[in-house]
Structure formats: C-alpha cells, structure tokens
Amino acid sequence: MTFTLVIDRPRWETHVDTYLAEHPWVVPVVKGDGYGIGAERVLAQCRRVQAPVVAVGTPAEAQQALDATDGDVLVLFPTLPGEALPDDPRLVHTVASETTLREILGTGRRFVVEVDSPMGRHGIEWPRLPSLVDALRDERCEGVALHNPPFGDRVEFVSSLLDRLGELGVAVPRLYASHLTADEVGRLSGTAGDTVVLVRTGTDLWLGDPAALTAYGQVIDVHPVAKGRSIGYSQRTARKDGWLAVVGGGTAHGVGIETARPRMTPRLAARKAARVVATQLGGAPSPFRLDGRRLTYADVPHMQVSMVSVPSGDAVRPGDWLACDMRITVTRFDEVEVRGAESGPGSGSGSPGDLRR
C-alpha cells in the first residue's frame, strides 16, 4: 500500500472519551466516510461510548448507523416531500419544509423542525413559525434544529429563536445546533428553560488530536537528478544536482488539492499566490515530512505519487514511510491501519515499516 492512515487507537479513544466527558451535550456526527477515518470505525466508537443519539448526513447513511449503533439516529439532510425512508422507531427525520411537515404528521415518525439560519442552506423561515405551533407541540416532535455559521454572534441568534418560540407558547424539548463553544452552550443553557441545547459535532470530536491520526506515503524510488535535467509531467529543469524521492500520495488521494476556506483574507490570498509561483519555479513545500522538516516538491503532484527533493541518496530508502500533513476529511487512503490493543473492524493488513516523521 502506498498511502496509509495510521490510527493510534488508544490515543484516539482517549481523546474521544475526554472530549465527550468535557462536552456532554455533544451529538456525534458521522458523515460520508467518517471524516476520512471510515464510517464503520467512527460508528464503532459511537457504540463503544453508548452515544444516545448519532447524527448522519444523508438518508442513505441512516441504515448503516441504525445497524451499527444502539441509540437514535438523526438524519441531518432534510426529508424531501414524498420521500420513503426506513420506518424505524429510532430514526429521527429533519423536516425543513411545510409540505414535508404536513406529510409526516400523523405517521408516527419522529422528527425535528429545521428553521432558517444565517447559513442560508435550508429551513423554514421564521415568519412561518406561528403556523407551525401545533406541529412543534406534537408528541413526535423532538425539537428544532438550526445550522449556525462557524463565526458571528451565535448566542444572540439562538437566543432570539428561543425567545420567539416562547412568545408563541412553545417549549421544545431539544434544540440541535452546530458550531457552539462550551462557553456559548453554558450561556444558552442558563436561559433555555426546559429546552436542552445539543451540539452536533464531528471534526473536533474525531479529529481533535492530530497526533492520533497520521497519514504516511510510502517511498517507491530514490534516485539522483543532475543539474539541467528535465523531470516530471511539467518537464521542469533541475537547478542543481540533487536527489529526489518518488512517494505514494498524489492528487487521487487529495495530495496537492486546494481545499475551500471559509474566508479568504488578503494574507491568505498572498500566501496562495506565493505557493503558485513556487510550484511553477520548483521548491514549493509539500505536505511530506522527513525528520520533522517539510520536503519540497520536485514536480507537481501526479495522480497517485509525488516527487519530492531529499537531502541525500541515503536519507530514505524504497519502502520507508514519510509522514504527510493532510486534511483527513478530504483525503482518500489506500489503507487504514489501526494500532493498539483490540484493533477492531477495518484495522488493515500489513504494517508500514520505517515510519519517518
């Protein structure tokens, strides 16, 4: 295998346990491939910690979660009008339109009502709340949901919603939100009355300890490059004699792919422009590390491999593994290896040999 994620299971589980103990209001989120770790591994953790509620992204992910966990499963994607979903007593639908709300009432299915937020994704607009009073008081209504942006005055927004519901004479049992800090939850809980504030969380819970999750690319070849030689897809000319290593991990895995940022500041724009120039001239930093130092690209990343400059011919050998600093949520691994006692499902076969950080 050429591009591998190594999970330090004891350290990872320690982080998960500590995080949930310090944030008891968190609802674990399992979306897509489990934030890069693998949905089956993340769901196994939900079952291990006996999470009372697990949130999944889409209806297609709901059945896997129902089979793998013992608690309730909240589907974050809104149920569409006329959509047929599993009729399971543990399934909680998200309703984001009045049409779907009318369809689900009286069916015995559990649901939360999502309201519009500054995210502008989906949800019933606030002026329509007076017409939803009966639905919000329905015994199958689990509460309301909203999607906060990752910045801004979220406490004010959530408080405004709770105040509006109070004016309508509605006290929902739960409010499912996102992107709330511990301090913000504490401030809201003091004014929410009988409404329990719950926070849907995935990234901080599963990826909050980077040292527990390390990507590695396997060295495939090491060879000298003479000054003036053209190399790679770009046929860039080497500016001096040196050595390069061909290492597993390319654009097919997510290496070298630019990811979206919530805000592009002038500083970030300047850094991005500088990387583009460095890539064209040679010497752009790669995510691969050797003895703690970032290696530079010798060429633009290829489909499944990258070419990086190394200090000497014996710095690495074919078969060695180089640590790679990756955003795991957008990375596709050839293999995931779980290290530690009781590795569990999907622990992987084989073992990366010489792991270089």
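Predicted model: local features only at pLDDT ≥ 70, side-chain atom pairs only at ≥ 80, totals over all residues.
By the rule for ring pairs, the count comes to three aromatic pairs. In one of them, the rings of tryptophan 12 and tryptophan 206 have their centres 6.3 Å apart. Their planes stand at 55 degrees, so the pair is tilted; planes count as edge-to-face over 60 degrees. Tryptophan 12 belongs to helix 1 (residues 9–22) and tryptophan 206 to helix 8 (residues 203–207). The two residues are 194 residues apart, and their pair links distant parts of the chain.

## Tryptophan 126 and phenylalanine 157

Tryptophan 126 and phenylalanine 157 form another tilted aromatic pair, with 5.3 Å from centre to centre and 35 degrees between the planes. Tryptophan 126 sits in the loop between strand 6 (110–114) and helix 5 (133–136), while phenylalanine 157 is part of helix 6 (residues 154–167). The pair therefore ties together parts that are 31 residues apart in sequence.

The two partners fall into separate classes of accessibility. At 22% relative accessibility, tryptophan 126 is partly exposed. Phenylalanine 157, with a relative accessible area of 16%, is buried. The cut-off for buried is under 20%.

Threonine 331 lies in the loop between strand 17 (321–324) and strand 18 (335–339). Its relative accessible area is 4%, so threonine 331 counts as buried.

Leaving aside residues up to four places away in sequence, threonine 331 touches Phe3, Asp33, His253 and Met326. Histidine 253 is 78 residues from threonine 331 along the chain, and the C-alpha atoms of these two residues are separated by 5.5 Å. A polar atom of the threonine 331 side chain also lies 2.8 Å from the backbone oxygen of arginine 327.

## The chain as a whole

The protein chain contains nine helices and 19 strands. It has 357 residues, of which 48% count as buried. The accessible surface of the chain comes to about 17200 Å², and 51% of this surface belongs to carbon and sulfur atoms.

Among contacts between residues at least 6 apart in sequence, 64% join residues at least 24 apart. The pair of tryptophan 12 and tryptophan 206 is an example of a link between distant parts of the chain.

Key:
Residues numbered from 1 in each chain as written. Heavy atoms only, no water. Helix = DSSP H or I, 4+ residues; strand = E, 2+ residues; numbered from the N terminus. Buried < 20%, exposed > 50% of the residue type's maximum accessible area, 1.4 Å probe, protein only. Contact = heavy atoms within 4.5 Å. Areas by Shrake-Rupley, 256 points an atom, 1.4 Å probe, with all protein chains shown as cover. Phe/Tyr/Trp six-rings, centres within 6.5 Å; stacked < 30°, edge-to-face > 60°. Polar contact = N/O pair within 3.5 Å; in protein donor to acceptor, adjacent residues only side chain to side chain.
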